[in-house]
Every structure is written in C-alpha cells, then in structure tokens.
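Please read the following points alongside the model.

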Amino acid sequence: MANIVFESVRYKNILSTGNTWTEVQLNRSKSTLIIGDNGAGKSTMLDALTFALYGKPFRKIKKGQLVNSINGKDLQVEAKFTISGSKYIIKRGIKTNFFEIWKDGEMINQDAAARDYQVYLEESILKLNYKSFGQVVVLGSSTFIPFMQLRAGERREVIEDLLDIQIFTVMNTLLKERVTENKADINDIKHNIELLNSKISTSKTHNDSIRKMREVEVDKLKEKLREQISFIESEQECVDVLIEEVSDLNTGIQDKSDTKKKLQELQELDRELSNKHKSLSKEVAFYQDHDNCPTCKQGIEHEFKEGTITSHSSKTEKIEAAREELKSKGLVIEGRLEEIDGTESVISEKNMKMSEHRMATKMAMTSCKAIKQDLLGAEKDATEVDNNQLQDLENELKGYHGDQTNLFDSKETLSVVASMLKDGGIKTRIIKQYVPVMNKLINKYLASMDFFVQFELDENFNETIKSRFRDVFSYASFSEGEKLRIDLALLFTWRSVAKLRNSVSTNLLIMDEIMDSSLDTSGTEEFLKIIEELTADSNIFIISHKGDQLFDKFHSVIRFEKVKNFSRIAPQAA
C-alpha cells in the first residue's frame, strides 16, 4: 500500500494570491483551522494542491481562470510529499506553462508527452486518481452531500463511483452501440450475399459474350503489332539506304586531309616569297634614294648601284610571277575544300535523318513490347476470364458466409455480455462483496461515536436502522446530532473503502466548509471530538467560517486576509 505523507504546498499568482509565495505546511499539526473572510483565499490551497497533482482546479472553474486576473501570468505551484522514504516535489505553472516531477533532488525524465507524464505521476507515484483524491484527501462543500439525503439511484451512483465500477455503465453504453453495429452488419452481409448470388448468375449467363469481346481485343492488338513491325522494317530500310549514301559520300572526300595540307604548304611558300619580295624592294628603294653610304659617308659606285638595282628588280618580278602562280593553285585547292564542306553538310543531313529514323524505330520497338505485354494479358483473359471472375465471386461469397457466421457468433457473445453488464449482473456481484464490508465499517464508526445502532445497507442501498432493542428507525427520525454521527460514519466509511479499493493511505484530510451550515456550537464541539478520535494518525485541515466558535479547538490556526486585492496568510499575533 502506498503511504503518501503530504508535507507542504506553496503557490503564487493563483486566483486572488499575488506574486509572493504563500506556503502551507501540511504535516506540522494534527489539526489546523483555516479561517478568513469571504474571498480571502481560504480555499485557494485546495485548488493549488489539486492543480499541482492533477493539472486541474478543485472547484468547477476552467483551468485558465486559476491565473490571478491582476498579474495575469507566472502562476506557480509546488507540492511536496514523501512516499516510502523518497521525497517528491511536483512543480507546475501557467503563463509560462511547465510541469516537472522531482524525486530526491533530481527531475524525472520528461521525454514523453505531458499526458504520459501525468499518467506516470498518477499510476506509478501517487497511485491515486483525481476521482479518488476527492474521496480520500479533499472533501469540498461543493461536492459533498450526505449519503442519506440522496435518492436510491443517486446512492447507487455514489457507490459505483466509489468502487470505480461506473466503467461497466460506460461499457454497457458502448456495448449497445456494438449491438446496433452488429445488427447493421448482419443486414449488410445478408444484402451483399443476395447481391453476389445475382452477380454470379449474371456472370455465368454472359460468359460467351465476354469471351468474344476478349477475342476481338486480341485481334486488335495483333493487328496493331503487325503495323508496328511493318513500320520498323520500313524505317530500317531507310536507315540502310542512308548508310550506303553516307559511305559513298565519305569515299568522295577522302582527299580532304591532303588537300588541306597542300593549301597550307602553298600559303607558307607564299609567305616566304612575300618576305623575300619585301626585302629586295627595300634594298632597291635604298640604292635609288642614296648615293653615299650612311655609315662611312663614302660614295656608292654608280655601276654597283645600277647593277644591284637591276638585279633586285629582276628578282622581285620573278617573285611576283611565282606568287601569282601560287595564287591560282590556291584558288583551285580552296574550291576543292568548298566542295568537301558541301559534301560534309550533306553527310550531316543524312546522319540527322538516320538518327530520326532510328529514334522512330526505337519508339516503335518500345510500343511493340507494350503491345506484346497487353496481348499476352488479353490472350490469357480470353481463355480464363470466365473462370477467374466466377472464382473471385465465389471466393467473395465464401468470405461473406464466413463473416456472417462470425457476426452471428458475435451476436451471441454480445448478448451474454449484455446480461452481465446489466444492473443485476457483474456490478451487483461486485457490490455484494463490498456491502458487508461497508456495513461493518459503518457500525464500527458509529460505535466509536457512542451511537449504538445496527445500521445496514442492502444491495440497492436502502438503509435499515435498528436500535439495540430491535426497534426499526428511519434516518429522518433521528436528531441532528444523531444524523451527524450517521453522516460522519458514512463519510469515513467511504474514505476507508476508497483507501482499500485504491490501496492508498495518506496523512492528509481537508474538509472545506462541509459542516458549517448544519452545526450549532454544541454540535460543532461534538463534531471536533469525533474527528479527533477517528483521525488520530492524520493531519486534518478544516476550512470554516465559524472562526469565533472554533478558534481554540485546534492545534493551530491559519488566517487568510486580503490586502490591496491580494490574499495572504495573516501574520501571527505576538
């Protein structure tokens, strides 16, 4: 059994609490009275503790309404408790949002989603869900109604909730939906079976027409294949012709390399002759323009001068004649190269045409492969379509018959489950096991309060109250003090059953204004006496408006006050 020892809760910027931490020690006194004016923040510790543990307020307000409306941000709560020697701190916040679980000074891994983190806290650490928390730890006036003042149906709901067997009611609702779905599925299956039988009959009737349609499709594909093959052969013939023509043209231009070489040789020779011509012409111009040597200043002999001019002029004339001859030869060679270029252009055009024919051939061959594949499928369909289609329909029909059998089996199972989930079924069996335990606990608590009656609840939660003399009473026939004893006995019985059911024990019990409206001064003292006797090992917090009556009845008192619109714990008087 998990024994949770709550140590403290502290909070700020929650409801009317401002930006200063408010801390309440939960285990310092056996009994603590919490008092204050309306709106002073007495019950805020309930919402802070509940929000820390479960991420939701205790009162019926929205989570966002917890944030202090003046500051509007930085809501933070921390709850400290010990379980089996390990110290835990739960931290939560809104604006900024955060949720942390600390164990023995180290934060537990937060890799999982926030919802999984909360499930881990409730199932693995607290082992106490929100519903049980409201029955075992915190009893608020807004949620607590004396059991004996409820109608029979409401009493049953309370017990089902206490024993956590309302799940069977939810299951019964879901079961009804399943029954409806099962009935609809059975009708659908029946309709589908009838439809399939009709399809099978129609399929058999049209077998011959389907086969003929498939054979026509096969013939079309064969004709299409023949056309493609013929087209491929035609394109290949064109390619062969072009190959031969290109080969002939290439043979006719085999002299291209030699011709280019000859032209280069002529051009080189012409450059040499041109350079020689320029040199001779320069010397002739020198002798024509000079009678004396520019270097030694001596005169140039007339005969030498005239001889040199005549000789060089003759040579230049020969060079000019040779260059003219080279020019004529060059024109012939250039003409041949132009012919070769023209032939090469024709070859390029023919190669382009060959590429086009080859591409068309390749596409046609790809088309042939696709047609052959379609033809194989069509030929197979033409011979097997009837049997395959009928086989598919019959297999489908067989599947529907199997589904129908399964649905009928499910219908029987659902019928059995429905009988178990009715009020007279499994819930009643569970309640039967707990009723004797409840009655024993109720009478135990009544006896501890010096109220010696025999109180019994039956399986429908109707009470029978007998005195020691076997006189039968009703709840209404008792005084308010006696009713209080009965209500408290039931209250502590539910607390004990909740502990038993959830395997949880805790030191903390908080009662928020539960008895304020029904107790006078003497009744209040009796109530406190009873609480003292029945909760010897607990830390009890009573939130009450009756501060003047209760102030000196508790081990400690916490007074809340409101200063400048913010709640705080009032300083203790010296």
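1. Basis of the values. This is a predicted model, in which local features need pLDDT of at least 70 and side-chain atom pairs count only at pLDDT 80 or more, whereas totals for chains, interfaces and linings use all residues. Residues are numbered from 1 along each chain as its sequence is written, and side-chain values use heavy atoms, with hydrogens and water left out.

2. The three-stranded sheet. Helices (DSSP runs of H or I, at least four residues) and strands (runs of E, at least two) are numbered from the N terminus, and two strands pair if DSSP finds at least two bridges between them. On that basis, an open sheet of three strands runs in the order β9-β10-β11 with antiparallel pairing; its edge strands, each pairing on one side only, are β9 (454–457) and β11 (472–473). Four bridges join β9 to β10 (residues 463–466) in the antiparallel sense, and Leu-457 has Glu-463 in β10 as its bridge partner.

3. Strand β4 (residues 75–83) and strand β5 (residues 86–94) pair in the antiparallel sense over nine bridges, with Val-77 standing opposite Arg-92 in β5. Two residues lie between the strands of this hairpin, and Ser-84 takes a positive phi near 50 degrees. Burial is defined by relative accessible area: under 20% is buried, over 50% exposed, and in between partly exposed (1.4 Å probe, protein chains only). Eight of the nine residues of β4 are buried, so the strand is largely enclosed by the rest of the structure.

4. The nonpolar cores. A nonpolar core here is a set of buried Ala, Val, Leu, Ile, Met, Phe, Trp, Tyr and Cys residues joined through side-chain atoms within 4.5 Å. The largest has 48 residues, of which Tyr-11, Val-24, Leu-49, Leu-53, Phe-81 and Ile-510 touch the most other members; helix α1 (residues 44–54) gives the most to this core, with eight residues. A second, separate core of 44 residues includes Phe-147, Ile-165, Leu-509 and Ile-531.

5. Helix α7. Among the buried residues of α7 are Thr-259, Leu-263, Leu-266, Leu-273, Ser-274 and His-277.

6. Asn-182 is placed in helix α5 (residues 167–205) and is buried, with a relative accessible area of 6%. Not counting residues up to four places away in sequence, Asn-182 touches Leu-407, Ser-410, Lys-411 and Leu-414. Phe-408, in helix α8 (residues 302–421), counts as partly exposed at 37% relative accessibility; Phe-408 and Ile-186 are 222 residues apart in sequence, yet 7.7 Å apart in space, C-alpha to C-alpha.

7. Aromatic pairs. Rings of Phe, Tyr and Trp (its six-membered ring) pair if their centres lie within 6.5 Å, and planes under 30 degrees apart count as stacked, over 60 as edge-to-face and the rest as tilted. The structure holds seven such pairs. Tyr-54 and Tyr-130 have ring centres 5.7 Å apart and planes at 75 degrees, so the pair is edge-to-face; it links Tyr-54 in helix α1 with Tyr-130 in helix α3 (residues 130–136), 76 residues apart. Tyr-54 is buried at 5%, whereas Tyr-130 is partly exposed at 28%. Phe-451 and Phe-478 also form an edge-to-face pair, at 5.5 Å centre to centre and 85 degrees between the planes. Phe-451 lies in the loop between α9 (426–448) and β9, and Phe-478 in the loop between β11 and α10 (480–502), so this pair ties together parts that are 27 residues apart in sequence. Ring pairs also link Phe-6, Phe-81 and Tyr-88 into a cluster.

8. Cysteines. With a disulfide taken as a pair of cysteine sulfur atoms within 2.5 Å, the structure holds zero disulfides. Cys-238 counts as partly exposed at 30% relative accessibility, while Cys-368 counts as buried at 7%.

How values were computed: Contact means heavy atoms within 4.5 Å.
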